[in-house]
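Me: I have a model open and would like to know what stands behind the labels used for it. Could you take me through them?

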Amino acid sequence: MPLATMGEIIGPARAAGRGIGAFNVIGIEHAEAIVTGAETAGAPVVLQISENCVAWHGALEPIARACLAVGRAAAVPVAVHLDHASGAELVRIASALGLGSVMYDASGLRYDENVRATAEVTAWCHDRGVWVEAELGEIGGKDGVHSPVARTDPDQAAGFVASTGVDALAVAVGSSHAMLTRDAVLDLGLVTRLRRAVGVPLVLHGSSGVPDQALAAAVGAGLTKINIATQLNKVFTAAVRKYLSAEPAVVDPRRYGSAGRDAIAPEVARLLGVLGACGAGRAGGRDR
Ligand SMILES: [Zn+2]
């Protein structure tokens with residue numbers, strides 16, 4: 001089916017209290033497996049490409065075109081999203097390639113500078129029909145806004161959304177990027193307050209460190225877009241490592257690559273079930 005826009009996927013999900021799984025792609029195998037998992041679950045899904053992934057490939061275009069093609073061939077709605085762009089130039093490249101949504105992350109800047117830079121990028125994107133997620137990093141610390149101790153203030157979040165016009169907001173509520181253990185404790189009371197204060201969908205980053213039950217509770221409290229990267233990499237790498245340990249003579253990357261790809265798909269389907277994403281279809285209109 002044609003690619004979905006982020007608004008088509010996330011608007012109805014927020015209204016219905018469902019979560020949307022947004023999974024980070026590394027190579028084309030990730031994209032294929034994530035879509036297979038979403039098809040198994042009967043759920044829409046977001047393929048997202050981070051700035052770090054772009055740096056690893058050396059350019060956005062090859063991996064973006066692969067994701068767009070995989071998404072177009074899917075039996076469920078798929079949106080392709082640029083994750084954590086720190087510069088406006090990468091946002092412009094993503095738009096030119098046909099990505100319908102971006103995360104612009106100026107959270108490293110002072111609040112007023114974050115507002116100014118984010119508002120400028122958002123206006124540019126909205127002129128081109130591109131959906132924008134931003135991040136509010138009012139609390140510093142060496143781990144930035146996603147430090148487990150960082151918290152987004154609801155009043156400041158409401159002001160940030162009003163001042164910038166963004167379509168979704170990544171919030172700090174207790175999770176942290178790249179966690180290998182799943183024991184983060186989310187501040188669900190704060191999620192509820194943010195949901196009441198902010199009129200756009202809320203995004204959880206660092207969700208791989210959050211146990212299943214807490215992810216489901218976070219969606220129930222008002223988070224909609226749930227970004228998951230590390231968890232799939234853990235599953236992929238464990239399967240490849242197990243395969244290569246058992247078959248040390250194998251040299252064909254398709255053999256161990258299949259082991260990794262085949263391990264990701266059921267994990268995606270399982271996580272989409274945890275998020276309540278199943279059955280959340282495409283909306284009729286282009287709801288930003
Ligand atoms: Zn993130």
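**Helix packing and the zinc site**

Reply: The axes of helix H10 (residues 230–246) and helix H11 (residues 253–274) come within 8 Å and cross at roughly 145 degrees. Axes here are lines fitted to C-alpha atoms, for helices over the stretch in contact, with angles from 0 to 180 degrees between N-to-C directions. Helices (H or I, at least four residues) and strands (E, at least two) are DSSP runs, numbered from the N terminus. This is a predicted model: local features need pLDDT of at least 70, side-chain atom pairs count only at pLDDT 80 or more, and totals for chains, interfaces and linings use all residues. Residues are numbered from 1 along each chain as its sequence is written, and side-chain values use heavy atoms, leaving out hydrogens and water.

Me: What makes His 84, His 177 and His 205 donors of the zinc ion?

Reply: Donors are N, O and S atoms within 2.8 Å of the metal (3.2 Å for Na, K and Ca); water is not among the atoms, so sites may look incomplete. NE2 of His 84, NE2 of His 177 and ND1 of His 205 coordinate the zinc ion at 2.0 Å, so they qualify as donors. Along the chain their spacing is H-x92-H-x27-H. His 84 lies in strand E3 (residues 78–85) and His 205 in the loop between strand E7 (202–204) and helix H9 (212–221), so this pair ties together parts 121 residues apart in sequence.
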